[in-house]
Amino acid sequence: MTYQEIADMYGVTKGAVYWQLRDAGLAKARPDHSKYLPWTVKTEHAHARPAMMLRLLSRREQGDKIPDVKARMLDKWLGEVKAADVVVCYNRDMAPNPANPTTGGFYYSKRRPTDGDNLVRETTDDDTSNLHKAVDPSGSR
């Protein structure tokens, strides 16, 4: 049974089922995506394209099987980010921008020498007041 099916059966939340199973040692371990998502992300930003792509990359690196269509999406996005020479950044108060035109939060910033080969920049020291400079690696927005 899924966590949702169990939750519906007992009139509780899916999260409550997970926590009970986790405490009993019966839940599948949650993947750790902190290498690529080192921030505490607002709920409304969790499904932004950069967040989804970073979770897919983390899953791939951890050996999880990713559906072919999602693997192609990830490879395309990684190519766009590399070609644009940007890193993914996050600021909870960032307004909508090319990285997340609906709710903001995530944004792309030109790569700096201090970024090295990293795909994300963990710090929030960017000047985010000038969004017209926001980078869109795909060029489509």
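**Helix packing and model confidence**

Analyst: In this predicted model, the axes of helix α3 (residues 49-61) and helix α4 (residues 68-84) come within 10 Å and cross at roughly 110°. That angle makes α3 roughly perpendicular to α4.

User: What is the handedness of the crossing where α3 passes α4?

Analyst: The crossing of α3 with α4 is left-handed.

User: Which residues make that contact?

Analyst: On α3, the contact is made by R49, P50, M53, L54, L56, L57 and R60. On α4, the residues are K70, A71, M73, L74, D75, W77, L78 and E80. By class, the contact of α3 with α4 has 10 nonpolar and 5 charged residues, and no polar ones.

User: And how do the axes of α1 and α2 cross?

Analyst: The axes of helix α1 (residues 3-10) and helix α2 (residues 14-23) come within 8 Å and cross at roughly 105°. The two helices, α1 and α2, are therefore roughly perpendicular to each other.

User: Which residues are in contact there?

Analyst: Helix α1 contributes Y3, Q4, I6 and A7, and helix α2 contributes K14, V17, Y18 and L21. Sorted by class, the contact of α1 with α2 has 6 nonpolar residues, 1 polar and 1 charged.

User: Changing topic: how many helices and strands are in the chain?

Analyst: The chain has 4 helices and 2 strands. Read along the sequence, their pattern is α-α-α-α-β-β.

User: How much of the chain counts as buried?

Analyst: Of its 141 residues, 35% count as buried. As for contacts in the chain with a separation of 6 or more, residues 24 or more positions apart account for 53% of them.

User: Where is D85, and what is its phi?

Analyst: D85 lies in the loop between α4 and β1 (86-90). Its phi is near 55°, a positive value in a residue other than glycine.

User: Is D85 buried or partly exposed?

Analyst: D85 is partly exposed, because its relative accessible area is 38% and buried means under 20%.

User: Last topic: what pLDDT does the chain average?

Analyst: The chain averages a pLDDT of 88, and 87% of the residues score at least 70. Over residues 129-134, however, the pLDDT is below 50. Beyond near neighbours in sequence, that stretch has 6 contacts in the model.

User: How should predicted coordinates be read where pLDDT is low?

Analyst: Where pLDDT is low, the predicted coordinates should not be read in detail.

Technical notes: Residues numbered from 1 in each chain as written. Predicted model: local features only at pLDDT ≥ 70, side-chain atom pairs only at ≥ 80, totals over all residues. Heavy atoms only, no water. Axes fitted to C-alpha atoms, helices over the stretch in contact; angles between N-to-C directions. Parallel < 35°, antiparallel > 145°, perpendicular 65-115°, else oblique. Left-handed = near helix turned anticlockwise from the far one by under 90°. Contact = heavy atoms within 4.5 Å. Nonpolar A, V, L, I, M, F, W, Y, C, P; charged D, E, K, R; others polar. pLDDT = per-residue confidence, 0-100. Buried < 20%, exposed > 50% of the residue type's maximum accessible area, 1.4 Å probe, protein only.
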